[in-house]
Amino acid sequence: MKSILKTASTALKRWLALYRMRSIEINLSGAIDTLPLVRDELTRQRMQIAIREMSLALCKARADYVALLPAGQRIVWDIA
C-alpha cells in the first residue's frame, strides 16, 4: 500500500511539474512573439526583463521536472 501511494504521489508531482513547465513555455513564446510589435521603449525594456525572468523560471521548472524522472531517464533541453 505504501508503494502505491508513493508511486501515485510521484506521478502527480511529475504531472504538476510538466504542467508548470508547459505553461511557462506558452507564456514565454507569447511574450517573444509580441515583443516586435511593441513600440514604446519603456514597455519593451520591461518586457525584455520579464522574458529573461520567464526564461530563468523555465530553467528551474525543467530542472524540477527532470529531478522527478526515474533514474537513468534524463531529457536534454534546447536553450530556454
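Colleague: What should I know before reading the values?

Modeller: This is a predicted model, so local features need pLDDT of at least 70 and side-chain atom pairs count only at pLDDT 80 or more, while totals for chains, interfaces and linings use all residues. Residues are numbered from 1 along each chain as its sequence is written, and side-chain values use heavy atoms, with hydrogens and water left out.

Colleague: How do I check the span of helix α2?

Modeller: Helices are DSSP runs (H or I, at least four residues), numbered from the N terminus. The expected span is 1.5 Å times one less than the number of residues. Helix α2 covers residues 41-67, 27 residues in all, and should span 39 Å. Its end C-alpha atoms are 39 Å apart, which agrees.

Colleague: Which residues of α2 are buried?

Modeller: Buried means under 20% relative accessible area; exposed means over 50%; partly exposed lies in between (1.4 Å probe, protein chains only). In α2 the buried residues are M47, I51, M54, S55, L58, A61, R62, Y65 and V66.

Colleague: How do I read the largest nonpolar core?

Modeller: Start with the general idea: in soluble globular proteins, nonpolar side chains tend to be buried together. A nonpolar core is a set of buried Ala, Val, Leu, Ile, Met, Phe, Trp, Tyr and Cys residues joined through side-chain atoms within 4.5 Å. Here the largest has 14 residues, and M21, L28, I51, M54, L58 and Y65 have the most contacts inside it. Helices α1 and α2 each supply at least two residues of this core. Helix α2 gives the most, with six.

Colleague: And charged pairs? How many salt bridges are there?

Modeller: Side chains of opposite charge can pair when their charged atoms come close. The rule for a salt bridge is a side-chain nitrogen of Lys or Arg within 4 Å of a carboxyl oxygen of Asp or Glu. The count comes to three.

Colleague: Where do E25 and R22 lie?

Modeller: Both lie in helix α1, three residues apart, about one turn of the helix. R22 counts as partly exposed because its relative accessibility is 40%. E25 is buried at 19%.

Colleague: What does R62 do with E25?

Modeller: R62 forms a salt bridge with E25, the closest N and O atoms being 3.1 Å apart. The pair links distant parts of the chain: R62 is in helix α2, E25 in helix α1, 37 residues apart. R62 is buried, with a relative accessible area of 11%.

Colleague: And K60 with D64?

Modeller: Their side chains meet in a salt bridge of 3.2 Å, N to O. They sit four residues apart in α2, so about one helical turn separates them. K60 counts as exposed at 54%, and D64 is partly exposed at 30%. Elsewhere, salt bridges that share partners join R22, E25 and R62 into one network.

Colleague: What makes the nonpolar surface patch?

Modeller: Patches take residues with over 30% relative accessible area and no salt bridge: like charges are joined within 9 Å, nonpolar side chains (Val, Leu, Ile, Met, Phe, Trp, Tyr) within 5 Å. Here L12, W15, L16 and Y19 make a patch of about 460 Å². L16 lies in helix α1, residues 2-34, and is partly exposed at 40%.

Colleague: Where is L37, and is L37 buried or exposed?

Modeller: L37 is in the loop between α1 and α2. L37 is exposed, with a relative accessible area of 69%.

Terms used
Areas by Shrake-Rupley, 256 points an atom, 1.4 Å probe, with all protein chains shown as cover.
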